[in-house]
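Please look over the sequence and the model before reading on.

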Amino acid sequence: MKVTSQSLALLPEGSKEVLVFLLVERACKPDLSGWEADKRRFVVANRERNRAIVARLGQIWPVTLEKRPFCLGQGIADSYLFKEPVPFCPEEIYDAGVEGQNLEPVAEIQLGTAQGRFELLVLAVLHAARVREHIAEATFLELRRRGLLELGRIARWLPEDLAELGEVLRVHYKALADKNRKMEAIFHNARILRDSFGGELENACRPGKVAPEATIRALQGFWQIKDKAYWICREMRRHGVWGDLDPGACHAVDSHVKLALWRLGLAGWDASHLGEVSTRDCQETLRRWFADSLPVYLQGIRLCSRWNPRLCRKQCRVIDFCRWRDPVKAQ
């Protein structure tokens with residue numbers, strides 16, 4: 001039935017609102033059987049496309065695990081994002097300093113040491129909030145400069161250290177988070193690590209010797225880690241320290257992963273901007289399509305996150321799958 005303003009005017013009083021409500025409800029919630037059929041056709045039609053994306057990302061970013069430091073500075077180097085890109089070569093980009101830039105890293109975390117692994121745990125706590133990456137890293141660097149990341153010192157929980165750490169968070173940590181809770185989490189995690197696991201994160205997780213779910217649960221036993229447990233596993237494995245860790249424990253979702261999945265149409269189909277892309281949707285996509293999610297992260301941080309149309313045209317090898325390919329070509 002075609003509904004017009006004239007036909008609505010002929011309806012009895014009170015029934016007009018009912019008809020409009022039914023029409024709006026049907027527009028927002030289509031016939032279930034028809035919608036399920038369309039959804040199945042959509043899944044079948046895109047299955048081969050998604051497999052092609054997964055295969056190509058694996059070819060572009062082969063997972064090579066080498067023991068190397070965790071480099072900080074990607075977020076802090078925002079002003080360099082639109083510099084002339086380096087010639088495309090995954091291996092050269094990997095060795096180009098701060099994740100694809102010809103720059104020296106601002107600082108490093110030595111993940112091969114117990115102290116370095118504790119520092120990564122602290123950085124995970126700082127990242128576990130609504131906060132920009134460079135803000136979390138800048139706060140981390142200030143804590144390190146003041147000696148407030150030394151495991152032995154923090155685990156003693158001295159009043160003066162508590163006050164100084166709280167001051168750093170209030171001044172530098174511009175995040176939508178309770179600063180006191182963050183401060184307590186850092187101190188409690190240091191004490192748990194010292195008293196329960198001899199100051200060694202690997203004693204808590206035993207990576208490579210148990211199922212990935214057990215490693216995640218062990219990390220989530222620390223304060224304010226939650227989903228950042230996947231991030232810790234990914235970074236430890238990516239830098240070759242936990243090289244035998246099952247990739248299933250490394251399905252971390254951050255802004256770089258979200259951006260790559262969204263642009264490639266693998267997650268967030270109905271999102272109008274990156275903030276609307278669901279973390280749960282991204283996690284399900286990683287588990288469903290990617291045995292190893294590292295290629296997605298590398299695509300996101302080394303290409304998508306640089307917001308450079310010229311870089312996309314010249315270097316991206318999955319641009320034919322990208323939702324942004326038309327705007328990129330038009331620029």
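At what angle do the axes of helix α11 and helix α12 cross?

## Two helices in contact

The axes of helix α11 (residues 212-219) and helix α12 (residues 228-238) cross at roughly 115° and come within 9 Å; axes here are lines fitted to C-alpha atoms, for helices over the stretch in contact, with angles running from 0 to 180 degrees between N-to-C directions.

On the α11 side, Thr 215, Ile 216 and Leu 219 meet Ala 229, Tyr 230, Ile 232 and Cys 233 of α12, where contact means heavy atoms within 4.5 Å. The residues of this contact divide into six nonpolar, one polar and no charged, with Ala, Val, Leu, Ile, Met, Phe, Trp, Tyr, Cys and Pro counted as nonpolar, Asp, Glu, Lys and Arg as charged, and the others, Gly among them, as polar.

## Basis of the model

The model is predicted, with local features needing pLDDT of at least 70 and side-chain atom pairs counting only at pLDDT 80 or more, while totals for chains, interfaces and linings use all residues. Residues are numbered from 1 along each chain as its sequence is written, and side-chain values use heavy atoms, leaving out hydrogens and water.

## The chain as a whole

The protein chain has 17 helices and two strands, assigned as DSSP runs numbered from the N terminus (helices are H or I, at least four residues; strands are E, at least two). Of its 331 residues, 46% are buried, meaning under 20% relative accessible area, with exposed being over 50% and partly exposed in between (1.4 Å probe, protein chains only).

## Aromatic pairs

Three aromatic pairs are found in the whole structure; rings of Phe, Tyr and Trp (its six-membered ring) pair if their centres lie within 6.5 Å, and planes under 30 degrees apart count as stacked, over 60 as edge-to-face and the rest as tilted. The rings of Phe 70 and Trp 231 are edge-to-face, because their planes stand at 75°, with centres 6.1 Å apart. Phe 70 belongs to strand β1 (residues 70-72) and Trp 231 to helix α12, so this pair ties together parts 161 residues apart in sequence. Both Phe 70 and Trp 231 are buried.

Trp 157 and Phe 187 form a stacked pair, 5.7 Å centre to centre with 15° between the planes. Trp 157 is partly exposed, at a relative accessible area of 26%, whereas Phe 187 is buried, at 0%.
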